[in-house]
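Biologist: Before we look at any numbers, could you take me through this model feature by feature, giving me the general idea and then the case at hand?

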2 protein chains.
Amino acid sequence: MSDYHAPLRDMLFVMTHLADAASLAELPGYEEATPDLLSSVLDEAGRFGSERLAPLNQTGDRDGARWTPEGVLSSPGFADAYADFVAGGWNGLTATPDSGGMGLPTLMGSATHEIWNAANMAFALCPLLSASAIKLLENHGDEALTAAYLEKMVSGEWTGTMDLTEPQSGSDLATIRTRAEPAGDGSYRLFGQKIYITWGEHDMAANTIHLVLARLPDAPTGVKGISLFLVPRYLLDDNGEPGTTNDMRAASIEHKLGIHGSPTCTMVYGEADGAVGYLVGPENQGLRCMFTMMNAARHKMGVQALGLSDRAYQRARAYAFDRVQGRPADPDAPASAPIAHHADVRRMLLLMKSQIDAMRALCYVTAADMDRAGRAPETEDRRRHQARVDLLIPVVKAWCTEAAIEITSLGVQVHGGMGYVEETGAAQYYRDARIIPIYEGTNGIQAIDLVGRKLLRDQGEAMRALLADMSATRDELAAHAELGTIRTALSEGIDALGTATESLLEAGKLSGEQATANAFDYLMLVGTVTGGWLLARQAMVASDALDKAGDDRPFYEQKVATATFYAAQIMPRLHAHARVVANGFEPVLSVSPAMLAAG
Amino acid sequence: MSDYHAPLRDMLFVMTHLADAASLAELPGYEEATPDLLSSVLDEAGRFGSERLAPLNQTGDRDGARWTPEGVLSSPGFADAYADFVAGGWNGLTATPDSGGMGLPTLMGSATHEIWNAANMAFALCPLLSASAIKLLENHGDEALTAAYLEKMVSGEWTGTMDLTEPQSGSDLATIRTRAEPAGDGSYRLFGQKIYITWGEHDMAANTIHLVLARLPDAPTGVKGISLFLVPRYLLDDNGEPGTTNDMRAASIEHKLGIHGSPTCTMVYGEADGAVGYLVGPENQGLRCMFTMMNAARHKMGVQALGLSDRAYQRARAYAFDRVQGRPADPDAPASAPIAHHADVRRMLLLMKSQIDAMRALCYVTAADMDRAGRAPETEDRRRHQARVDLLIPVVKAWCTEAAIEITSLGVQVHGGMGYVEETGAAQYYRDARIIPIYEGTNGIQAIDLVGRKLLRDQGEAMRALLADMSATRDELAAHAELGTIRTALSEGIDALGTATESLLEAGKLSGEQATANAFDYLMLVGTVTGGWLLARQAMVASDALDKAGDDRPFYEQKVATATFYAAQIMPRLHAHARVVANGFEPVLSVSPAMLAAG
């Protein structure tokens, strides 16, 4: 069995050379985030992930969270690990120093989130959800609420959770029914049921703070009548400590395909007098408040997919270098060579690794854009970076999570029959991965967001700026004759993406439905080409470093090799996606539901 | 929850119009296999699948087979269903009448296997393995052995199983260590361990007959020293009935990702005096004997993938027509329209359905080729059909099973969060599907078989014959102006496949490793284009039938629509696969194992 080792060198390479981490320390508030600091934080995080979280991943899958009448119990060992996580200060890494956080850039937070998710995705979901709740409270909570709750949520002493979904209300939140009635003292009483509440109840923290969407009496129907409430599991006593139990409970937890260590709760509010809740943000502005954390939350899904994929890759690679089976066709292979010497096995490992490199580049570069969008001194710079973030967030979420499905599936395949046996561990990643394309906005919704909102609203401006950056890289590649495969592929990608973009802008003049019927393939096209662009930059840096690399030579050779493989074997997919977009909306829209129902 | 209904109309359409079932009744020995008979057998099979097998699928997943010290117990209800299966005569459908079979064509057997696998894949594996054992015994067993065992295996009273794999010997059987020592009475005593033995022990039948690969003393090393033995769990008494227990047992069963209802056994032979076994076929010719059943067994994997995919589709479609969520952009959609009215959901359903139509066409047409290869009166016809079968078997196995991974994954996605909850059932198909690309020769091995053996050995003759058939269809399409999208896609497919084929034949002159480094993408290219060719034929038949279709019009409209969708959204993938082949072997072969190990 392979253990997890954070790929610190890969991570630092991307942070340094593609995301330009050093320049973040020049932004106001990030002065302390020097490369040295980032590197040492990363070291520590890698150690914590390997030593404290990774060993609990398979056990947490086998002995998942359990519902009991007295409350939900986390998997054995999770509560202790969480206590250490809090004690290590990991929960507040990117939160503002005002509320006890370390105030480090999102880029740094992304790197540590990669490690937590690789080490133990089920566990990592707990701080991941807390982060969204913290962000909402920071931005929209009034002084009394933030004073009472924020610091302990930032430290991790209390965890946070997001309560949006109801049985009849998933992708479309317009139909939410949970009611919030004013209690007359400024607080509210909530009544209703929420489902799929990640870490909605557990025994790892002294309190669980729910951010709940609900309707006020006489609120307008639809999305404009939804408000946001903070609902603590335990009401605070006069000392601000958890006291009386609120009128809420986890009625059950789901029996899921994966992430068994993460309790997915059905929460019931107000079986007696109503659960005490406090309004966050203005009345009926709950969904607008949600937008504050949506980019960050969706970005974290891409990072989650990245981490899980890397874990699957590490295990598959270890197996491929251990398992001996069959004589490789390679005449130079030793007599009892492991299966990594078979070309088809290396092809599978390269499919995994080259896409993981692209995912990491996309996630980290976007994270740095988020940091610049928030902190760049010039308004225009902030605007420009924000536009890039808004454009790429659906791609980070959906393209990376689709890749995770492929990569974790390949991870099983590399193991052969052993991969299908649960004890091996490869199957768990395949099961765990399947939720990420679904939650935090399905990938179909991401695609519609990309085309319907991000592309059509600014009439392609942000996309053209991205294409211009790609073209600059293509031009730089002219000086690198050794990277011809990469330049050709990138050049084709730029052309195809440009054409597809213009065709959707045209279709958008007809109707939103027509523009978005193949939005999914457009999104995959954007992801494929953007990944190729970033790996082209990776290849140039690595190629330049080769000569003076010394002992590091194999590392840089690998960086050129994965970028070249991506250009040769992943970039070709752009032709498929571009062709689907070019084939238009008719093949989908002309098939009526009735036609599908026939036969 | 949706029940399973065998898609009889879809099945009959392919049997009739693409596989030309009627002409099979003209072959010697198949005289009784008239379209009427096939249709009524199919009706009955559909009923049996829906009523007896499908209801045990989810329960068998939850309460899987169990190992006990007294023997392996099948899932609740399975034994009764198996008794009914045997009583219905289903086990011997395609076996020769000489041994009590019905002697129906492989085409018919494929259709019923689709139903068994759709209804309950774990259950279906039992008769599926029996069929391989029967085939070996029919072809290589001596008179005494066949007299003693064959009839009861054909009826299903006794089940059969294949014992090939050992811990050190999976994809490469050269390293098998199980020993068979002559006992002096013509029988042998076996000693060793076999793993991954599907239905290796259970309580559904009175005896289990193992076909076991083992080495005789002083056998040559490697694949040329492997012999085949029949090893019954219970030795037969003087009346030919199961008597004394043989020296063998299931030491454990695997805890697997899916197919929980199918016990995967570790079999131990010869813990005392050795397990009594009987030689099947000549000494040291065990692997050659195996080739007899290999095409049939690998074909059944494609059919299994087809059945499981259709089950996943039926469930996803039912959900899409039931679940109401969000307002569709379609202005004609009713107020509370189900999600099937969302374009992106229909796109996902069409990705599933169009590929299922192509898989069924490929599986059934190849099955009819198998029938013709065995029974056509003219030698040249038999040779021609056999060459087509040999060429397409790895494609049937690998392309269909890759599609099943995609389709069962989409099935989860269509359900949204509900798909991740095990009770829904969609997740089971995703778990079950993952084994099919692995067993019966991994898909990587299928790809190497296709290029290294099927393509290079006859220097592309069989592939050029297939391309000629495709070109004839393309020419026929000229008379169908309404199918322009399909004709364009097919035309591009023929060109790309021709080019890729010639390039691999060239690479083959360099080395086998170079020709097969991207064999997987070549296989996927063949599958994609062959599927498009068969759906082009489907579209012509359906388009011609439209005018006089009456109430059947929606059915034929759907057949044109799925073929058109396939041309517009699946065929574009051929460009990606063709480009990977065109980009050559360097991106894989230039990456050494050492380079992958760096970092």
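Modeller: Let us begin with the record, where UniProt, in an unreviewed entry, places the feature "domain: Acyl-CoA oxidase/dehydrogenase middle" at residues 162-268 of chain A; such positions are given in the numbering used here, feature names are shortened, and annotations may be inferred rather than shown by experiment. This is a predicted model, in which local features need pLDDT of at least 70 and side-chain atom pairs count only at pLDDT 80 or more, while totals for chains, interfaces and linings use all residues. Residues are numbered from 1 along each chain as its sequence is written, chains are lettered from A and ligands numbered from 1 in the order in which they are written, and side-chain values use heavy atoms, with hydrogens and water left out.

Biologist: How much helix and how much strand do residues 162-268 of chain A hold?

Modeller: Helices (H or I, at least four residues) and strands (E, at least two) are DSSP runs, numbered from the N terminus. Residues 162-268 of chain A are 0% helix and 46% strand, with the end C-alpha atoms 14 Å apart. UniProt's unreviewed entry also gives "domain: Acetyl-CoA dehydrogenase-like C-terminal" for residues 469-589 of chain A, a span that is 83% helix and 0% strand.

Biologist: Which side chain does A:Glu166 meet in a salt bridge?

Modeller: In general, side chains of opposite charge can pair when their charged atoms come close. The rule asks for a side-chain nitrogen of Lys or Arg within 4 Å of a carboxyl oxygen of Asp or Glu, and A:Glu166 meets A:Lys194 at 2.9 Å, N to O. A:Glu166 lies in the loop between β3 (158-163) and β4 (179-182) of chain A and A:Lys194 in strand β5 (residues 188-198), so the pair ties together parts that are 28 residues apart in sequence.

Biologist: What area do chain A and chain B bury between them?

Modeller: The size of an interface is often given as the accessible area lost when the parts come together. Here, with a 1.4 Å probe and summing over both parts, chain A and chain B bury about 7,800 Å², 60% of it on carbon and sulfur atoms. On the chain A side, A:Tyr420, A:Tyr430 and A:Leu596 lose the most area to chain B, together 11% of what that side buries. Counting contact as heavy atoms within 4.5 Å, each chain contributes 88 residues.

Biologist: How many salt bridges run between chain A and chain B?

Modeller: There are two, and A:Glu492 forms a salt bridge with B:Arg579, the closest N and O atoms being 2.9 Å apart.

Biologist: What rotation superposes chain A on chain B?

Modeller: Using least squares on the C-alpha atoms of residues with pLDDT of at least 70 in both copies, a rotation of 180° with 0.0 Å of shift along its axis superposes them, at an RMSD of 0.0 Å. The two copies are thus related as by a two-fold rotation axis, and the same surface serves both, since 100% of the contact residues of chain A recur in chain B.

Definitions and conventions
Buried area is the accessible area (1.4 Å probe) that two parts lose on being put together, summed over both.
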